[in-house]
Amino acid sequence: MRLAFSTAHPMASERSEPAGVSEELTALFRAEYDFVWRVLRRLGLNGAEADDGVQDVFLIVAHKLQHYDERGAMRAWLYTIARLVAAQTRRASSRQQRKQQLFESPATYPDPQQLAEGRELAQLVQRFMDGLDERQGTVFYLSEVEGLSAPEIAAALELELSTVLGRRRLSRKRFEAFLQRHSKRSDR
Amino acid sequence: MNRKPTTQSALEHYRRVVGPDPAARARALQELTRRVSSGEQPPLLAHAPAPVRLPRSPVAWKAWLIMGTAGAIALIAVRFWSVAADRQPILYQQHAAESASTQASLQPSASAPPAIASPAELVTPLIESDPVRPPRVRSHAPAGAVHVRPATHSMDASPATPAAEAPHAVVRSDLEEEMRLMGMAHDALRDGQPERALQRLAEHAARFPDGVLAQSRQVTRIMALCQAGKTEAAREEARRFLESASGSPYTARVRTLCREPSNSLHPQTQ
């Protein structure tokens, strides 16, 4: 999705004043709320922590948005802020517990049958990502689930573009194979 | 990428199941509005990362590589065409001189006017200041006159022949070396290593300050500075380039360097 809004001059001085709840911030919040919330969950926060984390992320954005100089990597920037917030917010509960809590959030399915199927497929995706190492899993998540482009991922994770392209290609292949294996098992 | 329906639906279900409660978004926005309006400082503000910058897309680099290669080939073609054009009159002059000599031997009369003009009168060699260009002989004689190289009835005897050939060989090897250095600089940029690219470009500048690819080097240096985040330095060099090379084919591109796409927060996802 593309948003259009004016920003401060790139050479504007570094100040920490809130940009106010401008139309730009509101539009950005509406466009990227789900993305930031899911990323925070992916980074290990539970539902309530993710709610708080979203607030912290966008509070920082409100203060820094005036310095955003149209570099074309808003989602990559949001990811780096979310990573910082998540690192500070993590509590004592283990990562395994957090994974179990991942599906606690209410889904928007009209009937229980659909909900059950949706959960099953979602858990399948989660199981696949759990089987990847952290680096490849993060690239797969940002690329396939969140739809970030390879340059955005490279910027967010501070990786070489070629590294991201390689990991993405490999994880896509593995995902296809994983689904095929699962589908064969289900057919039996 | 063309994904199978199963893959798409699995990812879509994942987004829906793991996503937030849609009703919570409005509440969250109200809460954010209240906190921002009250001037609340986020605790992590001091550690907040600066906006990140996208690396150049590989498609753009491929386009640059193709354009650079095509430009280099065009330069080589122009250079060889120029060399061929220089050599053609020389061969013609030798043939004319030999014919004149034969005619003179057949006409014993000493009073007969010379069939050709004196070399000293007709030929004024002007060697261009460019060290990589072969020396070029320019004639100031009137149209129709036959040009004769001084004392050149035999190519082997001519001191100009090796002198004319040697610079061509130098040009060829220098150009190859220039292209090699520029190629390494482009490779470094494509690999996201602008500092390495700048080193290669500095090496090129030291060895070939007025090389054939000097303008290309300047443009590539501006790109490297942009990629290294040295925006101000890049813009300053771009300004100097535009002032000094206003007629260059690179000017349109240089004007767009270090500027990001306007009116967009992030590019289309792939």
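Modeller: Gladly, and please keep in mind that the model is predicted.

Biologist: How many helices and how many strands are there in chain B?

Modeller: Chain B has 9 helices and 2 strands, and read along the sequence they follow the pattern α-α-α-α-β-β-α-α-α-α-α.

Biologist: What share of the residues of chain B count as buried?

Modeller: Of its 270 residues, 31% count as buried, where the cut-off is a relative accessible area under 20%. The accessible surface of chain B comes to about 15800 Å², and 58% of that belongs to carbon and sulfur atoms.

Biologist: Turning to chain A, why is helix H1(A) called oblique to H2(A)?

Modeller: Helix H1 (residues 23-42) of chain A and helix H2 (residues 47-64) of chain A pack at an angle of about 140 degrees, with their axes 9 Å apart. Roughly antiparallel would need an angle over 145 degrees, and roughly perpendicular one of 65 to 115 degrees, so H1(A) is oblique to H2(A).

Biologist: In which hand does H1(A) pass H2(A), left or right?

Modeller: The crossing is right-handed. Residues that make the contact include A:Leu28, A:Phe29 and A:Trp37 of H1(A), and A:Val54, A:Val57 and A:Phe58 of H2(A).

Biologist: What kinds of residue make up the contact of H1(A) with H2(A)?

Modeller: They divide into 13 nonpolar, 2 polar and 3 charged residues. A:Glu32 and A:Arg41 of H1(A) and A:Asp51 of H2(A) are among the contact residues, and Glu, Arg and Asp count as charged.

Key
Residues numbered from 1 in each chain as written. Chains lettered and ligands numbered in written order. Predicted model: local features only at pLDDT ≥ 70, side-chain atom pairs only at ≥ 80, totals over all residues. Heavy atoms only, no water. Axes fitted to C-alpha atoms, helices over the stretch in contact; angles between N-to-C directions. Helix = DSSP H or I, 4+ residues; strand = E, 2+ residues; numbered from the N terminus. Parallel < 35°, antiparallel > 145°, perpendicular 65-115°, else oblique. Left-handed = near helix turned anticlockwise from the far one by under 90°. Contact = heavy atoms within 4.5 Å. Buried < 20%, exposed > 50% of the residue type's maximum accessible area, 1.4 Å probe, protein only. Areas by Shrake-Rupley, 256 points an atom, 1.4 Å probe, with all protein chains shown as cover.
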